[in-house]
Amino acid sequence: MAWKLADRTLDLSRPIGAGIVNVTVDSMFEGARSGTPEQAVADGLALAEAGFEMLDVGAVAAKAGPPVSAEDEAAALVPAIEGLVGRDVPVSADTFSVEVARRALAAGATVVNDISGGSEEMFGLVAESGGGYVLMHIEGPPRVDRPWREYDDVVDHLKSWFEGRVELARGLGVAEEQIAIDPGLDFDLSPEQDLEILRRLGELRALGLPLYVSLSRKDFIGAVLAGSWEERLAPSEREWGTVAAVTLAVREGADVLRIHDRSSLQAMRVAAEICRPIGSVA
């Protein structure tokens, strides 16, 4: 498996870790709030030094909240990207704003990580840039709370949803090798649905696209650890639950893990070696 970015093609014969950098003061995990572009650059360089193979930089919290203007988002995101590119670690821009994505790509980002599920305008930009694109499943606009949806089979629904969105993207000029797919755990999905997707993650590989799995310190992990959604543990208490989820996601074929912690990076690497087919080159 390989993934084409703007300036390189990533070999995904082993999974890679995308370290999370948030130029925010309100992201869900307080341990990943860089606050300023300068601090984001320092934090991102520390993640790269720790061995993360990609940096995912965002400037708007994914949780529900009021709109953030493109100007304000770009003012935080673009300087952070400029400070992190050119260091042999690809940088992705975590944004669902087409205008911000355009500026981030101009600043050197080689991937757009889009939690909106895509749009014709975004697909057009990605086609024009030739960069990588993370297509995430979501059933409505980002940053808006909605009731969980019921599906006859949540994995079959995701496969059908991705097939339709990828077909649209390809029709607008996006090459299939540019696209990675993210099941969007916690976005419009209940903890039970999240767990079912992780159990059957390998079924999504039938789509032939890299699996980008963002599960670090997610709410479903807090709910599992506490035994209920209402009493779910805070993000700061979800590190080792994340380690378990990362390990099993690797076993089921995850190609890119978007994670906060070095503990998860270690788990990813050890799991990958354990799961490596006998006789393959180390």
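**Figure 1. Contact between the Q178 side chain and the V126 backbone.** In this predicted model, a polar atom of the Q178 side chain lies 3.2 Å from the backbone oxygen of V126. Q178 is located in the loop between α5 (154–171) and β8 (179–182). With a relative accessibility of 4%, below the 20% cut-off, Q178 counts as buried.

**Figure 2. Aromatic pair of W3 and Y212.** The model contains four aromatic pairs. W3 belongs to strand β1 (residues 2–4) and Y212 to strand β9 (residues 212–214), so the pair ties together parts of the chain that are 209 residues apart in sequence. Both W3 and Y212 are buried.

**Figure 3. Aromatic pair of F123 and Y133.** The rings of F123 and Y133 are also arranged edge-to-face. Their centres are 5.7 Å apart, and the planes make an angle of 85 degrees. F123 is part of helix α4 (residues 120–129), while Y133 is part of strand β7 (residues 132–136). F123 is buried, at 1% relative accessibility. Y133 is buried as well, with a relative accessible area of 1%.

**Figure 4. R232 over the ring of W229.** R232 is positioned over the face of W229. The distance from R232 to the ring centre of W229 is 4.0 Å.

**Figure 5. The largest pocket and its lining.** The largest pocket holds about 970 Å³ of space. Its lining consists of 45 residues, of which A62, K63, D186, F187 and K218 are the closest to the pocket centre. By residue class, the lining of the largest pocket comprises 21 nonpolar, nine polar and 15 charged residues.

Figure 6. S263 sits in helix α9, which spans residues 262–275. The relative accessible area of S263 is 14%, and S263 is therefore classed as buried, the cut-off being under 20%. V78 lies 185 residues from S263 along the chain. The C-alpha atoms of S263 and V78 are 29 Å apart.

Terms used: Residues are numbered from 1 along each chain as its sequence is written. This is a predicted model: local features need pLDDT of at least 70, side-chain atom pairs count only at pLDDT 80 or more; totals for chains, interfaces and linings use all residues. Side-chain values use heavy atoms; hydrogens and water are left out. Rings of Phe, Tyr and Trp (its six-membered ring) pair if their centres lie within 6.5 Å; planes under 30 degrees apart count as stacked, over 60 as edge-to-face and the rest as tilted. Helices (H or I, at least four residues) and strands (E, at least two) are DSSP runs, numbered from the N terminus. Buried means under 20% relative accessible area, exposed over 50%, partly exposed in between (1.4 Å probe, protein chains only). A charge sits over a ring if NZ of Lys or CZ of Arg is within 6 Å of the ring centre and within 35 degrees of the ring normal. On a 1 Å grid over the protein atoms alone, a cavity is a set of points where a 1.4 Å probe fits but cannot get out, and a pocket is an open set with protein on both sides within 12 Å along at least five of seven lines; lining residues have an atom within 4 Å of a point. Grid points are joined across faces, edges and corners, and a volume is the space filled by probe spheres set on the points. Ala, Val, Leu, Ile, Met, Phe, Trp, Tyr, Cys and Pro count as nonpolar, Asp, Glu, Lys and Arg as charged, and the others, Gly among them, as polar. A polar contact is a pair of N or O atoms within 3.5 Å; within protein, one must be able to donate a hydrogen and the other to accept it, and residues adjacent in sequence count only if both atoms are side-chain atoms.
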